Amino acid sequence: MPLFARDFLRYMAFEPDTGPSYEVADFDFHAMVQRCCSLVAERARGKEVEIVVDTDHLPRTLRGDQTPLSQAVLNLLSNAVKFTAKGVISVVAERLAETAD
C-alpha cells in the first residue's frame with residue numbers, strides 16, 4: 001500500500017475505545033479525485049476558478065478506505081474554491097513511498 005494512503009488512514013479512522021477502524025478495499029483513486037472535483041466544479045466555474053488535476057503518474061488503483069480519503073479531498077477542494085477569488089486550483093498527488101503490504 002502506498003505510504004501516504006496508509007498513514008492518512010491511520011489518522012483519519014479512529015473510533016473511541018476501539019482504535020483504528022476502516023474498510024480496506026481496492027478503489028480507483030483517479031475516479032475518486034474526479035468525483036470530488038465534480039462536486040465543487042460549478043461553484044468554481046461561477047468564480048472563474050479552474051481546477052487542474054495531476055494524478056496521472058500514480059497507480060490507478062489504491063488499497064485502503066476510500067470514504068475518509070474522499071472526504072478529506074473534498075474538504076480541501078471546497079476550502080480552496082471558497083478562498084480562491086479567481087485563477088487556478090492545482091490538485092497534485094504524488095507517491096512518497098511504498099510499503100510491501
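A salt bridge here is a side-chain nitrogen of Lys or Arg within 4 Å of a carboxyl oxygen of Asp or Glu. By that rule, K86 and E48 form a salt bridge, at 3.4 Å from N to O. K86 sits in the loop between α3 and β6, and E48 in the loop between α2 and β4, so the pair ties together parts 38 residues apart in sequence. K86 is exposed at 61% relative accessibility, and E48 is exposed at 53%. Keep in mind that this is a predicted model.

How many salt bridges does a search of the whole structure find? The search gives 3. Another one joins D26 to R63, with the closest N and O atoms 3.1 Å apart. D26 is in strand β3 and R63 in strand β5, 37 residues apart, so that pair links distant parts of the chain. D26 counts as exposed, at 53% relative accessibility, while R63 is partly exposed at 40%.

Strand β3 also holds D28, which pairs with R60 at 3.4 Å between the closest N and O atoms. R60 is in the loop between β4 and β5, so this contact ties together parts 32 residues apart in sequence. Both ends are partly exposed: D28 has a relative accessible area of 28%, and R60 has 49%.

Now the cysteines. The search of the whole structure finds 0 disulfides. For C36, the nearest cysteine sulfur is that of C37, 7.0 Å away. C36 is buried at 5% relative accessibility, and C37 is buried at 7%.

Key
Residues numbered from 1 in each chain as written. Predicted model: local features only at pLDDT ≥ 70, side-chain atom pairs only at ≥ 80, totals over all residues. Heavy atoms only, no water. Disulfide = S-S within 2.5 Å. Buried < 20%, exposed > 50% of the residue type's maximum accessible area, 1.4 Å probe, protein only. Helix = DSSP H or I, 4+ residues; strand = E, 2+ residues; numbered from the N terminus.
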